[in-house]
Amino acid sequence: MERRVSRVVKVGSVVMGGDHPVVVQTMTKTDTRDVASTIRQIHELELRGCELVRLAVKDMEAARALRTIKREVPIPLVADIHFDPRLALASIEAGVDKIRLNPSNIKDPAMLREVARTAKSASVPIRVGANLGSMNPDLTRSERAQALAEEALREARLLEEADFHDIVVSVKSSDVREMVEAVRIVAGCSDYPLHLGVTEAGPLRQSLVKSSAGIGSLLLDGIGDTIRYSISGDPGLEVDAAWMLLAGLDLRRRGAQIVSCPTCGRCEVPDILSLVAQLEERLGEIIKPVTVALMGCVVNGVGEGKAADVGIACGRDQGVLFVRGEPVRNIEPSAFIDTLIAEANKL
């Protein structure tokens with residue numbers, strides 16, 4: 001996989017673009033004016049592996065709250081601005097590390113230039129984010145994708161005409177194929193770092209499928225510099241999903257990855273599914289990248305056990321423990337989980 005080469009943009013302590021790793025981000029679900037709840041949620045997200053967090057700034061009270069929030073959290077903050085460019089100016093003054101503008105709802109070119117000048121002076125990059133919601137629904141999918149791309153690129157050109165170049169672009173849709181097509185258009189005619197996501201992707205299971213299909217297909221083609229899952233629910237799940245996708249694509253690793261069989265009539269341990277659930281819960285405590293296998297029979301179990309950092313392949317009423325590809329000893333099912341956790345912690 002050859003990765004698309006994009007320009008490098010620095011967002012506080014995080015660098016995206018070029019050959020830098022894909023950045024994991026999400027958005028708080030709190031009212032930004034509720035400073036204590038917002039700070040608490042950002043700290044929780046940071047523990048889950050969030051590297052960049054976006055906050056809704058819907059009025060001046062929210063913009064002013066950013067100054068206090070910025071003092072209390074270590075990860076870079078992105079102010080999400082719609083309609084009122086004065087909120088962007090106030091957010092930059094409050095010390096945010098990046099702002100997000102929607103090209104369809106800031107109409108005054110003079111104010112856009114003022115935002116660009118202020119952001120450049122403060123070394124604050126701008127994400128130009130175009131969404132399906134601003135497109136004509138009567139257009140075909142390909143026409144909407146083209147329109148999405150053109151709208152984002154038009155706004156980016158306006159910023160560059162104001163001598164502003166620290167630009168990140170996103171083109172999002174709740175339609176996976178439309179989003180992918182729009183991103184490919186932007187990727188093919190620009191070097192902006194690209195923020196990937198399927199917007200309004202819905203509740204957990206639906207979002208996991210749609211977001212993984214859209215984001216994953218682009219990442220596999222080397223397109224994308226930062227990703228955000230959109231899930232109607234806990235933002236921590238968005239961060240978890242992003243890391244799982246990056247690990248599954250062998251792009252970045254954080255925490256444990258489980259290799260486990262779906263089970264079938266060959267399974268030698270009756271409660272293997274409950275053991276996998278226990279393993280998943282216990283491995284949540286581990287941050288370092290490690291692959292742990294728990295396989296219900298020897299058909300694929302030996303191969304997967306050897307390939308994992310730590311693995312157990314089940315035989316009749318017991319399992320063989322593998323550590324870094326070598327068989328170590330036989331293990332009784334009652335000791336599977338404690339053994340796997342102990343061996344994973346030793347690595």
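Colleague: Where does D250 lie?

Modeller: This is a predicted model, in which local features need pLDDT of at least 70 and side-chain atom pairs count only at pLDDT 80 or more, while totals for chains, interfaces and linings use all residues. Residues are numbered from 1 along each chain as its sequence is written, and side-chain values use heavy atoms, with hydrogens and water left out. Helices (H or I, at least four residues) and strands (E, at least two) are DSSP runs numbered from the N terminus. With that numbering, D250 is found in the loop between α8 (235–248) and β11.

Colleague: Which value is phi of D250 near?

Modeller: Most residues other than glycine have a negative phi, and most peptide bonds are trans. D250 is not a glycine, yet its phi is positive, near 60 degrees.

Colleague: Does D250 count as buried or exposed?

Modeller: Buried means under 20% relative accessible area, exposed over 50%, and partly exposed in between (1.4 Å probe, protein chains only). D250 has 65% relative accessibility, so D250 counts as exposed.

Colleague: Nice. What is the relative accessible area of D163?

Modeller: D163 also has a positive phi, near 65 degrees, in a residue other than glycine. Its place is in the loop between α5 (141–161) and β8 (167–172). D163 counts as partly exposed because its relative accessible area is 41%.

Colleague: How many residues of β8 are buried?

Modeller: In a regular strand the side chains alternate between the two faces of the sheet. In β8, I167, V169 and V171 point one way and V168, S170 and K172 the other, and all are buried. The strand is mostly covered, the buried count being 6 of its 6 residues.

Colleague: Which residue of β8 is the bridge partner of A130?

Modeller: Two strands pair if DSSP finds at least two bridges between them. Strand β7 (residues 126–131) and β8 run parallel, joined by 6 bridges. Within β8, A130 has as its bridge partner V171.

Colleague: Moving on, what is the order of the open sheet of 5 strands?

Modeller: The edge strands are β11 (256–260) and β15 (326–331), each of which pairs on one side only. The twist averages 20 degrees from one strand to the next. Pairing in this open sheet is mixed, and the order is β11-β12-β13-β14-β15.

Colleague: Why is β12 largely enclosed by the rest of the structure?

Modeller: Both faces of β12 are covered, with V290, V292 and L294 buried on one side and T291, A293 and M295 buried on the other. β12 is largely enclosed because the buried residues number 6 of the 6.

Colleague: At about what angle does helix α9 run to β12?

Modeller: Axes are lines fitted to C-alpha atoms, for helices over the stretch in contact (heavy atoms within 4.5 Å), and angles run from 0 to 180 degrees between N-to-C directions. Helix α9 (residues 272–283) lies across β11, β12 and β13 (310–315), and its angle to β12 is about 165 degrees.

Colleague: What do the buried residues of α11 pack against?

Modeller: In helix α11 (residues 336–346), the buried residues are F336, I337, T339, L340, I341, E343 and A344. They pack against α9, β12, β13, β14 (318–323) and β15.

Colleague: Which residues touch the most other members of the largest nonpolar core?

Modeller: A nonpolar core is a set of buried Ala, Val, Leu, Ile, Met, Phe, Trp, Tyr and Cys residues joined through side-chain atoms within 4.5 Å. I227 touches residues including V22, V23, L196 and L246, not counting those up to four places away in sequence. The largest core has 73 residues, and those touching the most other members are I99, L101, I126, L196 and I227.

Colleague: How many disulfides does a search of the whole structure find?

Modeller: A disulfide is taken as a pair of cysteine sulfur atoms within 2.5 Å. The sulfur of C261 is 5.4 Å from the closest cysteine sulfur, in C267, so it is too far for a bond. Searching the whole structure gives a disulfide count of 0.

Colleague: Last one: how far apart do the C-alpha centres of domain 1 and domain 2 lie?

Modeller: Domain bounds come from an automatic or database domain assignment, which divides the protein chain into domain 1 (6–249) and domain 2 (256–346). The C-alpha trace of the chain spans about 75 × 45 × 35 Å along its principal axes. Between the C-alpha centres of domain 1 and domain 2, the distance is 38 Å.
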